[in-house]
Amino acid sequence: MMEDPEFIAQQLRKPSGDFARTIAEKMGTGNRPLYDLTLDFMEIVNYDSILEVGFGNGEHFSDLMAKAEHLQVIGIDYSAEMTALASSNNGTLIESGLLKLFTGSSDKLPFHENTFDVIFCNMVIYFWDDPTEHLSEIKRVLKPEGMFYTGMRSRKSMLQFPFTKYGFNLYKVEEWKSILESNGFQVVDEIQKKDPAFDDFGNKVQLESVCIAAEAR
Ligand SMILES: C[S@@+](CC[C@H](N)C(=O)[O-])C[C@H]1O[C@@H](n2cnc3c(N)ncnc32)[C@H](O)[C@@H]1O
């Protein structure tokens with residue numbers, strides 16, 4: 001199964017069934033450099049209310065919590081398997097009430113408007129067939145002047161993987177910035193960094209991690 005690119009693509013879009021844990025482990029390792037970049041880049045202050053869309057295995061939540069004090073973090077992922085896995089990986093944070101995880105989709109966010117200071121997602125935008133539906137929901141639940149951070153790999157980076165032929169909406173960094181701008185966000189900053197190279201089924205792969213900061217206008 002790990003060698004069938006179409007199956008991998010479906011699982012990355014929405015991990016499900018027996019394979020969900022395996023793919024979550026792969027995503028967790030492969031996307032760790034992007035989380036390191038994003039967590040370092042995001043401006044987070046004490047008492048911020050933060051939403052992550054598409055949290056996967058959720059192994060990064062303790063690092064996010066360590067960025068400031070009294071953070072209130074909410075995660076939403078439309079894979080019930082990811083909600084269960086990330087919940088079991090973060091039992092103490094959930095019991096403390098500082099982290100809440102939900103199953104649901106970013107085009108229908110179950111939150112009031114003006115709720116969050118910061119919203120972010122890593123490696124999720126490829127699966128938004130109509131980004132406007134998701135960005136308008138994100139804008140609705142962000143506080144005025146709240147920040148939305150997109151963690152991604154560029155189109156060129158992603159084309160190194162055979163599975164991206166199957167249902168991935170890939171973007172050059174400039175293309176994604178222009179989509180943000182035409183959906184009510186102002187791009188204010190960005191960072192790019194090469195990940196360490198690794199071996200992917202005999203091919204040497206090197207990705208570039210990117211994080212774009214955009215303010216709700
Ligand atoms: C490729 S994985 C990335 C997981 C994690 N953010 C990472 O970087 O390792 C994409 C994740 O986003 C979730 N996802 C995709 N589209 C979503 C949507 N519209 N709403 C909520 N979650 C979504 C999937 O279920 C999956 O867990």
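Author: Contact here means heavy atoms within 4.5 Å. The model is a predicted one, in which local features need pLDDT of at least 70 and side-chain atom pairs count only at pLDDT 80 or more, while totals for chains, interfaces and linings use all residues. Residues are numbered from 1 along each chain as its sequence is written, and side-chain values use heavy atoms, with hydrogens and water left out.

Around the ligand there are 22 residues, of which Asn31, Tyr35, Gly54, Asp77 and Asn122 come nearest; a residue is near a molecule if one of its heavy atoms lies within 4 Å of it. Ten residues of this shell are nonpolar, nine polar and three charged, where Ala, Val, Leu, Ile, Met, Phe, Trp, Tyr, Cys and Pro count as nonpolar, Asp, Glu, Lys and Arg as charged, and the others, Gly among them, as polar.

An N or O atom in the side chain of asparagine 31 is 2.9 Å from an oxygen atom of the ligand, and a polar side-chain atom of aspartate 77 lies 2.6 Å from an oxygen atom of the ligand. For tyrosine 35, a polar side-chain atom lies 2.8 Å from a nitrogen atom of the ligand.

Asparagine 122 is buried, with a relative accessible area of 4%, buried meaning under 20% relative accessible area (1.4 Å probe, protein chains only). Not counting residues up to four places away in sequence, asparagine 122 touches Leu34, Tyr35, Thr38, Val53, Gly54 and Gly151.

Methods. Polar contact = N/O pair within 3.5 Å; in protein donor to acceptor, adjacent residues only side chain to side chain. Buried < 20%, exposed > 50% of the residue type's maximum accessible area, 1.4 Å probe, protein only.
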